[in-house]
Amino acid sequence: MPPERNAGAAPHGSGGGRRRRGGAVLRVVPALVLVALAVAGPWLAPHAIDAPVTVPYAEPGDDAPLGGDQLGRDVLSRLLAGGRELIGTSLLVAVLVTGVSAALGAVAALRPAVGRFVERAADVLMLLPAVLGILLIALSWPDGGRLAVITAAVVMGVPYAVRLVTGAAAPIAASGYVEAATVGGERLLHLVVREVLPNLRATLLALFGLRFVAAVYIVATAGFLQVGPQPPAADWALMIRENAAGIVLNPWAVLAPSIAIGLLAMSVNLAASALVPRSGRKAVSAL
């Protein structure tokens, strides 16, 4: 397995290399801080998420820095408690989509007959809009809850991702060392795990970042449609739906979770982009 060359990298210890590493760290820090805050949020919340502390849609005050929601509950407490499950669900979806797509894409590149079947199936599934796919799975699985949302997000995410991985794996599958391994009698599992996937790490890392952002969009949409988390659960998307009617009275009940979802998607995508090796930037820009 010839290692992937990093032709654009500066010599180790050079000033340019240190600046790039420093820039990468700065782009990763916002995502780490936001994820850590969301994970620790339930313990940092000043009030219980289901206990009224003020009047409905109250303006920000001493007891509620971001005001009250439609039942007078503290918006800040529900904001701090509402991100952990969204991040966890989106992370699980991104891992599943990237893993399944990596395996299917590598097999499709190594076995053209399988590749044609996978591509046709992906083309059909890509025609289904994400929101319609969520509703179809939710209606056919009424008690599925968050598991139904995860299933819908994986089903909707794999077709696009597998086409991308197949395209990136095709030149590797046609390279001399893979052909030599094939002629040498190596099995398909060995070719996928030892020869193809290690040379796709830049593409897969970039794909993971993109699929995480897409998962945040799908999971948030499902929460807004009340497919998955149900009241009185604290969920950012559910908070937007519940408090939309009172946005004039207390805009922070809607703006705070909306800003949190936007910052989460942007910061994770920025972090994933910063971690992509320089040799993989060309492939990433083609997405």
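Val196 lies in helix 8 (residues 188–196) of a predicted model, in which local features need pLDDT of at least 70, side-chain atom pairs count only at pLDDT 80 or more, and totals for chains, interfaces and linings use all residues. Residues are numbered from 1 along each chain as its sequence is written, and side-chain values use heavy atoms, with hydrogens and water left out. Helices (H or I, at least four residues) and strands (E, at least two) are DSSP runs, numbered from the N terminus.

Val196 counts as buried because its relative accessibility is 1%. Buried means under 20% relative accessible area, exposed over 50%, and partly exposed in between (1.4 Å probe, protein chains only). Apart from its neighbours within four places in sequence, Val196 is in contact with Ala106, Leu110, Ala169, Ile172 and Leu191, where contact means heavy atoms within 4.5 Å. Between the C-alpha atoms of Val196 and Ala170 there are 9.3 Å, and the two residues are 26 apart along the chain.

The protein chain around this residue has 12 helices and zero strands. Of its 287 residues, 42% count as buried. Among contacts between residues at least 6 apart in sequence, 72% join residues at least 24 apart.

Helix 5 (residues 130–140) has Gly133, Ile134, Ile137 and Ala138 as its buried residues. These residues are on the same side of helix 5 because they cover an arc of only 125° around the axis, the arc being that of the directions from the helix axis to the C-beta atoms. An α-helix has 3.6 residues a turn, so residues three or four places apart point the same way. The buried residues of helix 5 pack against helix 6 and helix 9, while Leu139 and Ser140, on the other side of helix 5, are exposed.

The largest cavity has a volume of about 30 Å³ and is lined by Val93, Val97, Ala153, Gly157, Arg211, Ala214, Ala215 and Ile218. Two or more residues of this lining come from each of helix 3 (84–110), helix 6 (145–173) and helix 9 (201–224), and helix 9 gives the most, with four residues. On a 1 Å grid over the protein atoms alone, a cavity is a set of points where a 1.4 Å probe fits but cannot get out, and lining residues have an atom within 4 Å of a point. Grid points are joined across faces, edges and corners, and a volume is the space filled by probe spheres set on the points.

How values were computed:
1 Å grid on protein atoms, 1.4 Å probe; cavity = no way out; pocket = protein on both sides within 12 Å on 5 of 7 lines; lining within 4 Å.
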